[in-house]
Amino acid sequence: MKYYMMLLLLLLAGCSQQGSSGADATSALDALANAEQCGFGPRPAKPGALQRYAVGYNEDVCVPLVPADAGIILMGGSTDVDSIFTDKVRPYIQGGNVLVLRTQGAAGYNDYFLHLLQAALVETLLVDSRDKANSDYVRWALQTAEFIWFAGGDQSTYIANWQNTALQQALHAAYQSAQRYG
């Protein structure tokens, strides 16, 4: 289980590409991209109604995380604090995958996280129904992310759409993993 999660109001829980050519960076990511080796299997089919916004390398990057460095960061109610991401999150995820969860909106964090965290992939999922929250795709995306961010907004929609679903179970598992080592 990957160990880091973040919420705009609650963070539950880099391999730098600078100076290398696009081909070198892709080759390096290809070497790390092996979801099956990490134990998660291949990416399931995305439900047609699930909105997905992604930037970066489109495969799961298998990053050897240090469980003792996992943790939870609380943030919200104002502007995002870049130094928390660059000082705490980026070294932990080592260029891994970032998942942004929301119930409304679009891809507002994708480019920000891609560059600030030097992530391989930033994927935003608009999970605005219980059916989507129970999909294999959403569960897999949570399991394979090194960093999970809740984009904020009306938190009552999180409860209405995510409570007692596979998404909630996957979040709970990631949180428990972070607590064991944090």
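The protein chain exposes about 8,200 Å², of which carbon and sulfur atoms supply 50%. The model is predicted. Buried residues account for 47% of the 182 residues in the protein chain. Eight helices and five strands make up its secondary structure, and along the sequence they follow the pattern β-α-α-β-α-β-α-β-α-α-β-α-α.

**Strands S3 and S5**
- Strand S3 (residues 97-102) pairs with S5 in the parallel sense, over four bridges.
- Val98 stands opposite Phe147 in S5.
- From strand S5 (residues 147-150), Phe147 and Trp149 point one way, while Ile148 and Phe150 point the other way; all are buried.

**Helix H3**
- Tyr92 lies in helix H3 (residues 82-93) and counts as buried because its relative accessibility is 4%, where the cut-off is under 20%.
- The C-alpha atoms of Tyr92 and Leu117 are 9.7 Å apart in space, although the two are 25 residues apart in sequence.

**Helices H6 and H7**
- Helix H6 (residues 136-144) is mostly covered, with seven of its nine residues buried; among them are Tyr137, Trp140 and Leu142.
- In helix H7 (residues 155-162), the buried residues are Tyr158, Asn161 and Trp162. They cover an arc of only 85° around the axis, and therefore lie on the same side of H7.

**Salt bridges**
- The whole structure contains four salt bridges.
- Arg52 forms one with Glu123, with the closest N and O atoms 2.5 Å apart. Because Arg52 lies in strand S2 (residues 51-56) and Glu123 in strand S4 (residues 121-126), the pair ties together parts that are 71 residues apart in sequence.
- Arg52 counts as partly exposed at 27% relative accessibility, whereas Glu123 counts as buried at 4%.
- The side chains of Asp128 and Lys132 also meet in a salt bridge, at 2.5 Å from N to O. Asp128 is partly exposed, with a relative accessible area of 32%, and Lys132 is buried, with 11%.
- Asp136 forms a salt bridge with Arg139, the closest N and O atoms being 4.0 Å apart. Both residues lie in helix H6, three residues apart, which is about one turn of the helix.
- Asp136 is partly exposed, with a relative accessible area of 49%; Arg139 is likewise partly exposed, with 28%.
- Salt bridges that share partners join Arg43, Arg52 and Glu123 into one network.

Conventions
Residues numbered from 1 in each chain as written. Predicted model: local features only at pLDDT ≥ 70, side-chain atom pairs only at ≥ 80, totals over all residues. Heavy atoms only, no water. Helix = DSSP H or I, 4+ residues; strand = E, 2+ residues; numbered from the N terminus. Buried < 20%, exposed > 50% of the residue type's maximum accessible area, 1.4 Å probe, protein only. Areas by Shrake-Rupley, 256 points an atom, 1.4 Å probe, with all protein chains shown as cover. Pairing = 2+ DSSP bridges. Arc of directions from axis to C-beta.
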